[in-house]
Amino acid sequence: MKTAIYPGSFDPITLGHLNIIKRAARCFDKLIVCVMVNSQKNGLFTPEERVELIRKVVSQLPNVEVDASSVLLAEYARQRRARVIVKGLRAVSDFESEVQMAVVNRKLNPNVDTMFLPSNEKYTYLSSTVVKEMVRYGVELSDFIPREIIEDVKRKTVQKQRPEENGRDS
Ligand code: ADP
């Protein structure tokens with residue numbers, strides 16, 4: 001069975017991520033989308049919430065599993081017996097750091113290789129950071145994130161803004 005891992009922050013999942021997931025799922029028997037937990041980074045969503053959002057979006061893709069992990073990616077690949085890591089490349093700017101990570105991962109786990117999929121041209125500008133910026137300004141989100149999660153993202157953004165506003169008022 002050919003298993004691949006698609007790792008990322010997915011805070012939140014975007015249409016660019018989903019496009020990579022659908023294309024990669026066609027190439028492998030099983031694709032594990034893994035939210036990599038980084039304790040140094042505080043996101044909009046908790047890792048558990050990101051997993052739930054991704055699950056909502058990939059529910060129609062039978063060979064896609066969603067997970068979260070705080071271990072090193074090379075180690076996670078070993079645990080899951082995956083030989084391939086999938087990465088999306090938006091622009092040349094992604095290339096340098098992604099190739100560096102691919103080489104490090106292969107050094108740490110010689111059984112694992114990284115495969116790059118070029119971003120669909122519709123989504124080369126898209127990142128989770130762009131989405132978080134857009135939602136704060138009330139921009140229509142259907143060109144950026146899957147329909148199923150639009151309300152969740154709006155709700156969470158409002159919740160996160162409230163403590164700041166309350167803080168200012170008091
Ligand atoms: P970001 O926070 O930049 O959106 P992530 O860390 O969640 O990204 O990204 C996970 C993986 O998805 C990385 O391989 C990244 O290059 C890729 N990716 C992110 N956005 C896109 C996109 N719009 N199109 C294709 N690949 C993407």
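Are tyrosine 6 and phenylalanine 10 buried or exposed? Both tyrosine 6 and phenylalanine 10 are buried, where buried means under 20% relative accessible area, exposed over 50% and partly exposed in between (1.4 Å probe, protein chains only).

A word on the basis of these notes. This is a predicted model, in which local features need pLDDT of at least 70 and side-chain atom pairs count only at pLDDT 80 or more, while totals for chains, interfaces and linings use all residues. Residues are numbered from 1 along each chain as its sequence is written, and side-chain values use heavy atoms, with hydrogens and water left out.

1. Let us start with the loop between E1 and H1, which holds phenylalanine 10. Helices (H or I, at least four residues) and strands (E, at least two) are DSSP runs, numbered from the N terminus. Phenylalanine 10 has a positive phi, near 50°, although it is not a glycine. Its relative accessibility is 2%, so phenylalanine 10 counts as buried.

2. Please look at the next peptide bonds too. The one from aspartate 11 to proline 12 is cis, with omega near 0°. Proline 12 belongs to the loop that runs between strand E1 (3-8) and helix H1 (15-25).

3. A positive phi turns up at arginine 81 as well, near 55°, again in a residue other than glycine. This arginine 81 sits in the loop between helix H3 (73-79) and strand E4 (84-89). With a relative accessible area of 74%, arginine 81 is exposed.

4. Now the aromatic rings. Searching the whole structure gives two aromatic pairs; rings of Phe, Tyr and Trp (its six-membered ring) pair if their centres lie within 6.5 Å, and planes under 30 degrees apart count as stacked, over 60 as edge-to-face and the rest as tilted. Tyrosine 6 and phenylalanine 10 have ring centres 5.2 Å apart and planes at 70°, so this pair is edge-to-face.

5. Tyrosine 125 and phenylalanine 144 also make an edge-to-face pair, at 6.2 Å centre to centre with 75° between the planes. This pair links distant parts of the chain, 19 residues apart: tyrosine 125 is in the loop between strand E5 (113-118) and helix H5 (128-136), and phenylalanine 144 is in the loop between H5 and helix H6 (150-169). Tyrosine 125 is partly exposed at 42% relative accessibility, whereas phenylalanine 144 is buried with a relative accessible area of 11%.

6. A ligand oxygen atom is 2.5 Å from a polar backbone atom of glycine 88. Alone, the ligand exposes 550 Å², of which the protein buries 88%.

7. Finally, helix H1. Nine of its eleven residues are buried, so H1 is largely enclosed by the rest of the structure. Among the buried residues of H1 are Leu15, His17, Ile20 and Ala24.

Technical notes:
Polar contact = N/O pair within 3.5 Å; in protein donor to acceptor, adjacent residues only side chain to side chain. Areas by Shrake-Rupley, 256 points an atom, 1.4 Å probe, with all protein chains shown as cover.
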